[in-house]
Amino acid sequence: MTYELPPAWDGRVNSLGFAKPPAETRVVAAMSGGVDSSVVAAMLKAQGYDVIGITLQLYDHGAAIEKKGACCAGQDIHDARNVSDQIGIPHYVLDYESKFREQVMEDFADTYLAGSTPIPCIRCNQTVKFSDLLKTARDLGADCLATGHYIRRTDGDDGPELHRAADASRDQSYFLFATTAEQLDYLRFPLGDLPKTQVRELADQFNLPVASKPDSQD
């Protein structure tokens, strides 16, 4: 079955909510090297957006190569670069190893020793991914930052709101509960209305080299 991408431009507002054609809309795609973020980048490129892929190096290169099933590890950086080359977008790797260690790993240890139960993925979203990376996207002149999270962003009476993903089995709203209104205004989640099975089908349609790659366990 072939999945038809929704129209990216209706003459007034594009599919990301901006009042301009996709070709005039720059999007930074956060690429972890997995299937979900790769499909996001491929979808946006296919819809005609000006896409830039960014991958964060969060671990020491030697340790990253040995770290299986984790996001932003050695093989993942290689996979993200291959996907970017295939779909024809520029790709950059940012060395966030020290920031990740200070803001996530050391914070995890301190919180645990203080008697609480930390969740490092939430902390990473609060700091490295949705703070530092968001600033980098703005520095690149991007209109928004798109990620492969399964969550829906809708426009409410008081601004953008986070809602659970259409695929309840993949919903990641819990991990993004701390997203601020300012961050949410800049973020986009193209997979929020899609089931995981359809995302896998899209990866096959786009002939992505990560189409059969297992999901991250982070």
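Which residues of H1 are buried?

**Ground rules.** I am working from a predicted model, where local features need pLDDT of at least 70, side-chain atom pairs count only at pLDDT 80 or more, and totals for chains, interfaces and linings use all residues. I number residues from 1 along each chain as its sequence is written, and side-chain values use heavy atoms, with hydrogens and water left out.

**Entry 1, helix H1.** I count helices (H or I, at least four residues) and strands (E, at least two) as DSSP runs, numbered from the N terminus. Buried means under 20% relative accessible area, exposed over 50%, and partly exposed in between, with a 1.4 Å probe and protein chains only. The buried residues of H1 are Val35, Asp36, Ser37, Ser38, Val39, Val40, Ala41, Ala42, Met43 and Leu44. That makes H1 mostly covered, with 10 of 12 residues buried.

I then looked up what they pack against. Their partners are strand E1 (26–30), strand E2 (50–57), helix H3 (74–87), strand E4 (144–146) and helix H7 (196–205). Contact here means heavy atoms within 4.5 Å.

H1 reaches 16 Å from its first C-alpha to its last, close to the 16 Å expected at 1.5 Å a residue. The expected span is 1.5 Å times one less than the number of residues. After H1 comes Gly48, with a positive phi near 95 degrees.

**Entry 2, the open sheet.** I found an open sheet of 5 strands in the order E3-E2-E1-E4-E7, with parallel pairing. Strand E3 (91–95) and strand E7 (187–188) are the edges, and each pairs on one side only. Two strands pair if DSSP finds at least two bridges between them.

I followed E1 to both neighbours. E1 and E2 pair in the parallel sense over 5 bridges, and Ala29 stands opposite Gly53 in E2. E1 and E4 are also parallel, over 3 bridges. Val28 has Leu145 of E4 as its bridge partner. E1 is mostly covered, as 4 of its 5 residues are buried.

How many residues join E5 to E6 in the hairpin? I found 2 residues. The two strands, E5 and E6 (residues 159–164), run antiparallel and are joined by 6 bridges. Asp155 stands opposite Pro160 in E6.

I needed the definition before reading the values. On a 1 Å grid over the protein atoms alone, a cavity is a set of points where a 1.4 Å probe fits but cannot get out, and a pocket is an open set with protein on both sides within 12 Å along at least five of seven lines; lining residues have an atom within 4 Å of a point. Grid points are joined across faces, edges and corners, and a volume is the space filled by probe spheres set on the points.

The second largest pocket has a volume of about 580 Å³. I read 20 lining residues, with Ser15, Leu16, Phe189, Pro190 and Asp193 nearest the centre. H1 (35–46) and E5 (151–156) each supply at least two residues of the lining. E5 gives the largest share, 5 residues. The lining divides into 10 nonpolar, 5 polar and 5 charged residues. Ala, Val, Leu, Ile, Met, Phe, Trp, Tyr, Cys and Pro count as nonpolar, Asp, Glu, Lys and Arg as charged, and the others, Gly among them, as polar.

I logged 7 helices and 7 strands. Of the 218 residues, 46% count as buried.
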